[in-house]
Amino acid sequence: YMIFTNQMPLLSKIGLILSELIFLIIIYFLWFKAEEIAGIITRHLDIENKVAKEVEYDLLFQTLLALAGVIIITISLPDFIRYIFEILSVAHISMFKETPRFMSKIAEILLGLFLVYRAQKISHLIFKQERNSNGI
């Protein structure tokens, strides 16, 4: 409805379509390329026979952190692109008022990327501190 109405500027329509396409592409990769994505997320797991070995908590935690990052990126990236096109379509916009919202959207994406690419280091840091506090 929003695309075919004349009440929405053309640039906002383009942003809406582009953000929805990116969302659909992300969903496509999560659905049909799940094995490759899982291989990338769990590249640090050096397990030959996954069924025979016990799952260690730090490895599970790493995977959960990376998965949380993927979910944050999946939700935030299309919303960020839609927001950019909305800003560009408004003739007189106060960037002073929009800066906090813009920065928060960038922070969401950076947090997702950080969780995906640094899950192993975060997990090792947390479990190292836990082992040290338990005297292990």
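From the N terminus on, the elements of the protein chain run α-α-α-α-α. That makes five helices and zero strands. Both kinds of element are DSSP runs, numbered from the N terminus: helices are H or I with at least four residues, strands are E with at least two. This is a predicted model, in which local features need pLDDT of at least 70 and side-chain atom pairs count only at pLDDT 80 or more, while totals for chains, interfaces and linings use all residues. Residues are numbered from 1 along each chain as its sequence is written, and side-chain values use heavy atoms, with hydrogens and water left out.

Start with the chain as a whole. Of its 136 residues, 29% count as buried. Buried means under 20% relative accessible area, exposed means over 50%, and partly exposed lies in between, with a 1.4 Å probe and protein chains only. Now take the contacts, defined as heavy atoms within 4.5 Å. Among contacts with a separation of 6 or more, 70% join residues 24 or more positions apart.

Helix α1 comes next. It has 23 residues. From its first C-alpha to its last it reaches 32 Å, close to the 33 Å expected at 1.5 Å a residue. The expected span is 1.5 Å times one less than the number of residues. The buried residues of α1 are S12, K13, G15, L16, S19, I22 and I26.

Side chains of opposite charge can pair when their charged atoms come close. A salt bridge here is a side-chain nitrogen of Lys or Arg within 4 Å of a carboxyl oxygen of Asp or Glu. By this rule the count comes to three salt bridges.

The E20 pair is with R82, and the closest N and O atoms are 2.6 Å apart. E20 lies in helix α1 (residues 10-32) and R82 in helix α3 (residues 57-89), so this bridge ties together parts that are 62 residues apart in sequence. E20 is partly exposed, with a relative accessible area of 34%. R82 is partly exposed too, at 21% relative accessibility.

R82 has another partner, D79. Here the closest N and O atoms are 3.5 Å apart. D79 and R82 are three residues apart in helix α3, so about one helical turn separates them. D79 is partly exposed, at a relative accessible area of 28%.

D79 in turn meets K105 in a salt bridge, at 2.7 Å from N to O. K105 lies in helix α4 (residues 95-117) and D79 in helix α3, so the pair ties together parts that are 26 residues apart in sequence. Is K105 buried or exposed? At 8% relative accessibility, K105 counts as buried.

Leaving aside its neighbours within four places in sequence, K105 is in contact with D79, F80 and Y83. Now look at S76, in helix α3. K105 and S76 are 29 residues apart in sequence, yet 7.0 Å apart in space, C-alpha to C-alpha. S76 counts as buried, at 6% relative accessibility. Not counting residues up to four places away in sequence, S76 touches E108 and I109.

Finally, turn to the largest pocket. On a 1 Å grid over the protein atoms alone, a pocket is an open set of points where a 1.4 Å probe fits, with protein on both sides within 12 Å along at least five of seven lines. Lining residues have an atom within 4 Å of a point. About 300 Å³ of space lies in this pocket. That volume is the space filled by probe spheres set on the points, and grid points are joined across faces, edges and corners.

Which residues lie nearest the centre of the largest pocket? They are L30, I37, V70, I73 and V116, out of 13 lining residues. The elements that give two or more residues to the lining are α1, α2 (34-41), α3 and α4. The largest share, four residues, comes from α1. By type, the lining divides into 12 nonpolar residues, one polar and no charged. Ala, Val, Leu, Ile, Met, Phe, Trp, Tyr, Cys and Pro count as nonpolar, Asp, Glu, Lys and Arg as charged, and the others, Gly among them, as polar.
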